[in-house]
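Hi,

Here is the structure for you to look over. My notes follow below it.

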Amino acid sequence: SLVSMNGGDKHNAIPREARAMLRVSSPEAKEAVQEAVNKCLRAAQAEYGMLETNLRIITVKNNDEESCQQQPVELLPLEKDAAVRLIAMLLALPHGPLKFSHVMPD
């Protein structure tokens, strides 16, 4: 279940780092999450690997990384429909340039 996510603090820039905190309820779910992370990493490396040589997508246990410990343990995960709506909204938000200058040549 999605508990929290954050990344990027600049208005008009691609985030350098992002984090998501998931609550995983079983060993099977943990394995499925790890497989999904590995699949995303392979896809990102295929697309950006030559440019982003330090690209990493990792999983850590909540108590394994200091930055994860900053999140209170009592946070409740989003309900499934809320998480789906949130991710759909993020995907629908504009990204990239909204308009190019008319002054600049193509």
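Is Asp81 buried, exposed or partly exposed? Asp81 counts as partly exposed, because its relative accessibility is 42%. The cut-offs: buried is under 20% relative accessible area, exposed is over 50%, and partly exposed lies in between, with a 1.4 Å probe and protein chains only.

Before the rest, the ground rules. This is a predicted model, where local features need pLDDT of at least 70 and side-chain atom pairs count only at pLDDT 80 or more, while totals for chains, interfaces and linings use all residues. Residues are numbered from 1 along each chain as its sequence is written, and side-chain values use heavy atoms, with hydrogens and water left out.

**The chain overall**

The protein chain has three helices and two strands. Read from the N terminus, the order is β-β-α-α-α. Helices (H or I, at least four residues) and strands (E, at least two) are DSSP runs, numbered from the N terminus. Of the 106 residues in the chain, 8% are buried. The accessible surface comes to about 9800 Å², and carbon and sulfur atoms hold 58% of that. Areas come from the Shrake-Rupley method with a 1.4 Å probe; for residues, only the protein chains shown count as cover. Take the contacts with a separation of 6 or more: 37% of them join residues 24 or more positions apart. A contact means heavy atoms within 4.5 Å.

**The salt bridge**

Asp81 has a partner. Its side chain meets that of Arg85 in a salt bridge, at 3.1 Å from N to O. The rule asks for a side-chain nitrogen of Lys or Arg within 4 Å of a carboxyl oxygen of Asp or Glu. By that rule the count is one salt bridge. Both residues lie in helix H3 (residues 80–92), four residues apart, or about one turn of the helix. Arg85 counts as exposed, because its relative accessibility is 54%.

**Helix H1**

H1 covers residues 27–48, which is 22 residues. At 1.5 Å a residue it should span 32 Å, and its end C-alpha atoms are 31 Å apart, so the two agree. The expected span is 1.5 Å times one less than the number of residues. The buried residues of H1 are Val37, Leu41 and Ala44. They sit on the same side of H1, because they cover an arc of only 70° around the axis. That arc is taken from the directions from the helix axis to the C-beta atoms. On the other side, Glu28, Glu31, Lys39, Arg42, Ala46 and Glu47 are exposed. Take Lys39 from that set: at 59% relative accessibility, it counts as exposed. Lys39 and Ile57 are 18 residues apart in sequence, and their C-alpha atoms are 10.0 Å apart in space.

Met5 lies in strand S1 (residues 2–7). It is partly exposed, at 35% relative accessible area. Leaving out residues up to four places away in sequence, Met5 touches Arg19, Ala20, Leu86 and Leu90. Met5 and Arg19 are 14 residues apart in sequence and 5.4 Å apart in space, C-alpha to C-alpha.

Best wishes
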